[in-house]
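Me: I want to learn how to read a few features of a model. Please take me through them one at a time.

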Amino acid sequence: MTVERHLILVHTPGYQDVGDFYEIARKVQEQASDIEVFVASNNIPSSVTRRRASRLPPLIFSPGNLLEFRPVRGKIYAGSPIPKLEQIARFRSAGLPVPATAEITPDVVLPESTFGSHVVIKPGFSQASHGHHITLMRREAVRYQPREAYPEDHPGRYGPMFAQRFVDTGPVVNHDRVLTLFGAPLLAFKTAAVAPRPSLDAPDDVLSNAPMKARRRDGPIARELIWDADILDLARRAYSALPEIPLQGLDIVREAESRKLFVLEANPGGNTWIFSKGGMTTRLIKALGVERLTDQFDAFTIAAKVLIERTRAEAE
């Protein structure tokens, strides 16, 4: 079959292993002789690749922002940070379940009927990630603070803070992460704290110091692969809210009492490609008890399939 389209896979050294992209490229070539695949570094202009890849309509995929590599032409799908409040608004507009959320402004009102008894306070801009500066507090205790009132290292000094209804996941804090490519799940696992969270009747200072995201730095955590059909379905549907973001690391929580699911964020910046990122990948492989993180859903075969579909439909 004659080559009709090009696919450019852009990797960022230090964030993704180029070997992952060559493996995906090989799988694409095996399944689609009408597509020629190029692998480009995001740290250099890759001038020869740019010129060769522009001879036919290309599709460009990069987990994160394009940096030094700038294609001559083509349909581009690249990760990019999106403010968390915008993510929530777009999830809601797409009909997805999200907790009640409001930016903390001088005139903010948090009705008990929608926000419940407790809320989680979070930074509103995407760079404030990894669970930092997320605190639990009673709804009626929420107060606006001007930016200059926050400590120098607090994200509230540099962007908005917001309140979100506390979704009680049970005795221990936990969340599910589903990594998707164009909505197709590549990896899904649960992260849970080992130590129980404080009672909601605890004093304010105890609540405010309780970790609200299960993280290694806050104490022992447990991880396990998940295959829950409703979680995977919600992750697939979530892609429609942010269709310009190809790789999404969706954080989803399940309310213990109602069993309802809620989407929290998509981590759209691209730093969620965890198949080949050194220490973090090694720790996750050990915690999940697998040989490779791609094994759960045959991730690179799925990636090749969806990239073939996108290239045939959208290369330009």
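Reply: Strands here are DSSP runs of at least two residues (E), helices runs of at least four (H or I), both numbered from the N terminus. Two strands pair if DSSP finds at least two bridges between them.

Me: What should I know about the source of the values?
Reply: This is a predicted model: local features need pLDDT of at least 70, side-chain atom pairs count only at pLDDT 80 or more, and totals for chains, interfaces and linings use all residues. Residues are numbered from 1 along each chain as its sequence is written, and side-chain values use heavy atoms, with hydrogens and water left out.

Me: How many bridges join strand E3 to E4?
Reply: Strands of a sheet pair through backbone hydrogen bonds, either parallel or antiparallel. Here four bridges join E3 (residues 58-62) to E4, and the two run parallel. Ile 60 has Ile 76 as its bridge partner in E4.

Me: Where does Arg 177 sit, and is it buried or exposed?
Reply: Arg 177 is in strand E9 (residues 174-181). Buried means under 20% relative accessible area, exposed over 50%, partly exposed in between (1.4 Å probe, protein chains only). Arg 177 has 14%, so it is buried.

Me: Which side chain does Arg 177 join by a polar contact?
Reply: A polar contact is a pair of N or O atoms within 3.5 Å; within protein, one must be able to donate a hydrogen and the other to accept it, and residues adjacent in sequence count only if both atoms are side-chain atoms. The side chain of Arg 177 makes one of 2.7 Å with that of Asp 251. Contact means heavy atoms within 4.5 Å. Beyond four places in sequence, the contacts of Arg 177 include Leu 187, Phe 189 and Thr 272.
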